[in-house]
Amino acid sequence: MTKDNIENQQGRLLGAADIRAIAAQEGITPTKKFGQNFVIDPGTVKKIVAASKINSNDFVMEVGPGLGSLTLAILQVGANLTAVEIDPHLAKRLPITVKEFMPNALERFNVILKDALEVNAQDVPDLAKAAHFTLVANLPYNVATPIILTLLEKFDNLTSFLVMVQKEVADRLCAQPGNKTYGTPSVKLAWYGTAQKAGLIGRNVFWPAPNVDSALVYFKRNDNPKGSEQEKEKVFKIIDAAFQQRRKTLNAALKGIVPKEAYELSKIDSTRRGETLTCDEFLALSKAFNS
């Protein structure tokens, strides 16, 4: 089979010239409002898809597909993709791009016009009824953490994700107790599973180039939940209070929330700071009293 025939079957990815041509055709200018920085390097989207570990017939959600660079790379491996786009102009254009560059993938592709923070099961029925699905996305830097935690809370079958985020956000998501970047996002994400860094991304692969570095984060959900929804709400309340005054001891930061006897029962020293506790220790502290 010739190279041209293979390309006709698999389609092709967007390059910098393609991205700029589509933007010019549509009169699209990247906006800070939606945190838009479009990937213009095919090698980068291939790297993201490879790190996500998705395969043919997997179900995938992409948040913030933009002009479709990563979208096409996800579809190229044979996955079933639902893209969630907040920008009406981009959402309308995306199916046209897929039809032009990867027509054989149209039947596996769907885009919905929605804020990812407001997406529910009714909006994405294919994903909701799937045994499991993966989030693969170049997330808007300003709302990356809320999007991740919101989707994990809403969809029990979201079993993994590979996201590109600002490097500082990646550091926080993957941080361990005692690290200066360890905080509320680190602990709350650990409730659901395990996150690890999966690579760095240079600024020159974006248009426009951001003023910050980017990194990939891979996450795998725990096979079994750490606790019930009610327990999670209780633990998250304690986490929020502990990190609101992170330099204070647990005894001081959690005064009025956690009774003194809970420290003895959970065998957690009340003079420790919240930034030294693991998610499991926060859970143990929560279980040691009734609120």
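# Briefing on a predicted protein chain

Thr 44 is part of helix H3, which covers residues 42–52. The protein chain contains 13 helices and 9 strands, and 50% of its 291 residues count as buried.

**Thr 44 and its surroundings**

- Thr 44 counts as buried because its relative accessibility is 6%, which is under the 20% limit for that class.
- The side chain of Thr 44 makes a polar contact of 2.7 Å with the side chain of Asp 41.
- When neighbours within four places in sequence are left aside, Thr 44 is in contact with Val 39, Ile 201 and Val 205.

**The chain as a whole**

- A compact globule of 291 residues would have a radius of gyration near 19 Å, and the protein chain, at 21 Å, agrees with that expectation.
- Taken along the principal axes, the box filled by the C-alpha atoms of the protein chain is roughly 70 × 40 × 35 Å.

**Helix H7 and Lys 154**

- Helix H7, formed by residues 144–154, is mostly covered, since 8 of its 11 residues are buried.
- The buried residues of H7 are Ala 144, Thr 145, Ile 147, Ile 148, Leu 149, Thr 150, Leu 151 and Leu 152.
- Not counting residues up to four places away in sequence, Lys 154 touches Leu 117, Glu 118 and Val 119.
- Val 119 is 35 residues from Lys 154 along the chain, and the C-alpha atoms of the two are separated by 8.6 Å, while a polar atom of the Lys 154 side chain lies 2.9 Å from the backbone oxygen of Val 119.

**Ser 286 in helix H13**

- Ser 286 lies in helix H13, which is made up of residues 279–287, and its relative accessibility of 2% means that Ser 286 counts as buried.
- With neighbours within four places in sequence left aside, the contacts of Ser 286 are with Lys 234, Val 235 and Ile 238.

**Backbone geometry in the loops**

- Most residues other than glycine have a negative phi, and most peptide bonds are trans.
- Asn 57 is not a glycine, yet it has a positive phi of about 75 degrees; Asn 57 is found in the loop between H3 and S2 and is exposed, with a relative accessible area of 53%.
- Lys 267, likewise a residue other than glycine, has a positive phi near 60 degrees; Lys 267 lies in the loop between helix H12 (260–266) and H13 and is exposed, with a relative accessible area of 77%.
- The peptide bond that joins Trp 207 and Pro 208 is cis, with an omega of about -10 degrees, and Pro 208 is located in the loop between strand S8 (206–207) and S9.

**Asp 223 and its distance from His 89**

- Asp 223 has its place in the loop between strand S9 (214–221) and helix H10 (229–244), and at 73% relative accessibility Asp 223 counts as exposed.
- Asp 223 and His 89 are 134 residues apart along the chain, and their C-alpha atoms are separated by 39 Å.

Note on methods:
Residues are numbered from 1 along each chain as its sequence is written. This is a predicted model: local features need pLDDT of at least 70, side-chain atom pairs count only at pLDDT 80 or more; totals for chains, interfaces and linings use all residues. Side-chain values use heavy atoms; hydrogens and water are left out. Helices (H or I, at least four residues) and strands (E, at least two) are DSSP runs, numbered from the N terminus. Buried means under 20% relative accessible area, exposed over 50%, partly exposed in between (1.4 Å probe, protein chains only). Contact means heavy atoms within 4.5 Å. The radius of gyration is taken over C-alpha atoms; the globule rule is 2.2 Å times the number of residues to the power 0.38. A polar contact is a pair of N or O atoms within 3.5 Å; within protein, one must be able to donate a hydrogen and the other to accept it, and residues adjacent in sequence count only if both atoms are side-chain atoms.
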